[in-house]
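User: Hi! I am new to reading protein structures and would like a close look at one part. Could you take me slowly through a sheet and its surroundings?

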Amino acid sequence: MSERTRIVVTRPIAHEAIRLLRQAGEVAEPGREAVLEPAELRAAVAGADAIVSTLQDRIDGPLADAAGPGLAVVATVAVGYDNVDVPALAERGVTVTNTPGVLTDATADLAFGLLLALTRRIGEGERLLRARTPWRFDLGFMLGSGLRDRTLGIVGLGQIGQAVARRARAFGMEIAYTGRRRADPAVEAELGARYLPLADLLRSADVVSLHCPLTEATRHLIDAAALRAMRPGAFLINTTRGPVVDERALAQALADGEIAGAGLDVFENEPDVEPRLLGMDNVVLTPHLGSATVETRTAMAVLAARNVLAVLGGDPPLSPVRA
Ligand code: DGY
């Protein structure tokens with residue numbers, strides 16, 4: 001590491017991480033809230049040895065070329081890396097790292113929060129009060145659905161999916177899951193989780209919660225046909241990436257009563273939201289807040305910084321993304 005090492009941070013991140021990065025070289029921060037346009041980003045990374053980026057930045061071969069031959073590492077402050085062309089960077093000898101683990105609890109908490117808000121009609125009740133709509137306690141008023149003995153169908157039983165399953169178990173739910181491969185038998189046993197093919201999971205789950213990464217295989221995994229396959233009383237929760245769900249098909253399925261409701265933290269074309277969803281009472285919406293706690297965002301930035309320090313120092317990164 002030399003004094004002239006240049007580290008470009010594309011978005012404001014925790015000071016703790018900036019302090020760490022300064023141990024490795026000069027840190028260039030955009031110092032603004034707005035996402036850099038592609039041309040601005042290319043200009044900003046020129047001469048970078050390391051880039052610390054977020055999920056809003058498209059990181060691909062041309063961007064690495066704009067940085068130049070010194071670029072050694074791209075550390076994305078996120079667990080998901082669908083915005084990074086990992087093979088193109090690997091071809092150029094650039095290491096890519098992400099931030100798994102540190103955001104597991106925060107994201108699982110939010111998924112479960114959406115589930116509770118949806119099934120107990122918390123958002124709807126709050127809107128009713130804020131609109132000063134007349135109401136009174138009544139034994140039949142705004143009844144929701146309980147969770148005990150209901151089946152939670154998890155799509156993608158990775159770290160976050162498992163953390164959601166643990167929360168669901170505490171609420172008395174049964175766990176089914178699907179994914180590219182079976183989980184470790186010890187994990188299945190701990191969670192009491194049974195593996196089902198996607199079609200069976202959609203048919204049998206009372207709640208489907210999405211925790212798979214966005215890839216070409218999972219883009220629109222939940223499309224019109226998948227929504228039709230779900231139970232009419234079922235709820236859909238999405239805290240992974242918006243394009244895993246065909247948002248227009250979801251709006252239609254909700255309008256047609258094919259499923260009972262949806263809790264969404266992520267959207268196909270963020271920050272836009274399919275307008276029909278905004279008007280539906282059986283939909284709970286949050287603006288991509290899965291990892292948004294002070295502690296988690298700090299831990300994510302610090303992990304990204306440690307990855308940069310490791311690579312620039314000639315050590316293996318703590319959390320590399322495999323090409
Ligand atoms: C991630 O890490 O991939 C989240 O979407 C943002 O924290």
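Analyst: What follows is a walk through the sheet that holds strand E1, and then through some other parts of the chain. Please keep in mind that this is a predicted model.

Let us begin with the sheet as a whole. Five strands build it, in the order E2-E1-E3-E4-E5, and the sheet is open, with parallel pairing. The edges are taken by strand E2 (26–28) and strand E5 (95–97); each has a single partner strand, so one side of each is left without a neighbour in the sheet. On average, neighbouring strands here are turned by 15° against each other, direction ignored. In general, the strands of a sheet pair through backbone hydrogen bonds, and the pairing can be parallel or antiparallel.

Now zoom in on strand E1. On one side, E1 is joined to E2 by three bridges, and the two run parallel. One place to look for this pairing is Arg6, which stands opposite Glu26 in E2. E1 (residues 6–9) also pairs with strand E3 (residues 50–53), again in the parallel sense and over three bridges. Along that pairing you can find Val8 opposite Ile51 in E3, while Val9 has Val52 as its bridge partner in E3.

Which way do the residues of E1 point? Arg6 and Val8 point one way, Ile7 and Val9 point the other way, and all of them are buried. A residue counts as buried here if 20 or more other C-beta atoms lie within 10 Å of its own.

Together with helix H1 (residues 15–22), E1 and E2 make a right-handed β-α-β unit.

From the sheet we can turn to the ligand. Around the ligand you will find Leu55, Ala78, Val79, Gly80, Leu103, Gly290 and Ser291.

H5 (residues 104–119) has 16 residues, and at 1.5 Å a residue it should span 22 Å; the C-alpha atoms at its ends are 23 Å apart, which agrees. Take Phe112, whose place is in H5: with 23 other C-beta atoms within 10 Å, Phe112 is buried. Phe112 and Ala176 are 64 residues apart in sequence, and their C-alpha atoms are 16 Å apart in space. Just after H5 comes Arg121, with a positive phi of about 60°.

Ala299 belongs to helix H13 (residues 294–312), and it counts as buried because it has 20 C-beta neighbours inside 10 Å. Ala299 and Val102 are 197 residues apart along the chain, yet their C-alpha atoms are separated by 6.2 Å.

For comparison, here is another sheet. This open sheet has seven strands in the order E8-E7-E6-E9-E10-E11-E12, and its pairing is parallel. Strand E8 (193–195) and strand E12 (283–285) are its edge strands, each pairing on one side only. From one strand to the next, the twist averages 20°. Inside this sheet, strand E9 (residues 207–210) and strand E10 (residues 235–238) pair in the parallel sense over four bridges, and Val208 stands opposite Leu236 in E10.

Finally, some loops have backbone details to look for. Glu270 and Pro271 are joined by a cis peptide bond, with omega about 5°; Pro271 lies in the loop between strand E11 (261–264) and helix H12 (275–278). Met142 sits in the loop between helix H6 (122–130) and strand E6 (151–155). Its phi is near 50°, a positive value in a residue other than glycine, and Met142 is exposed, with 12 other C-beta atoms within 10 Å. His220, in the loop between E9 and helix H10 (224–229), also has a positive phi, near 55°. With 14 other C-beta atoms within 10 Å, His220 is partly exposed.

Definitions and conventions: Residues numbered from 1 in each chain as written. Predicted model: local features only at pLDDT ≥ 70, side-chain atom pairs only at ≥ 80, totals over all residues. Near = placed C-beta within 6 Å. Pairing = 2+ DSSP bridges. Axes fitted to C-alpha atoms, helices over the stretch in contact; angles between N-to-C directions. Right-handed = clockwise from strand over helix to strand, strands pointing away. Expected span 1.5 Å × (residues − 1).
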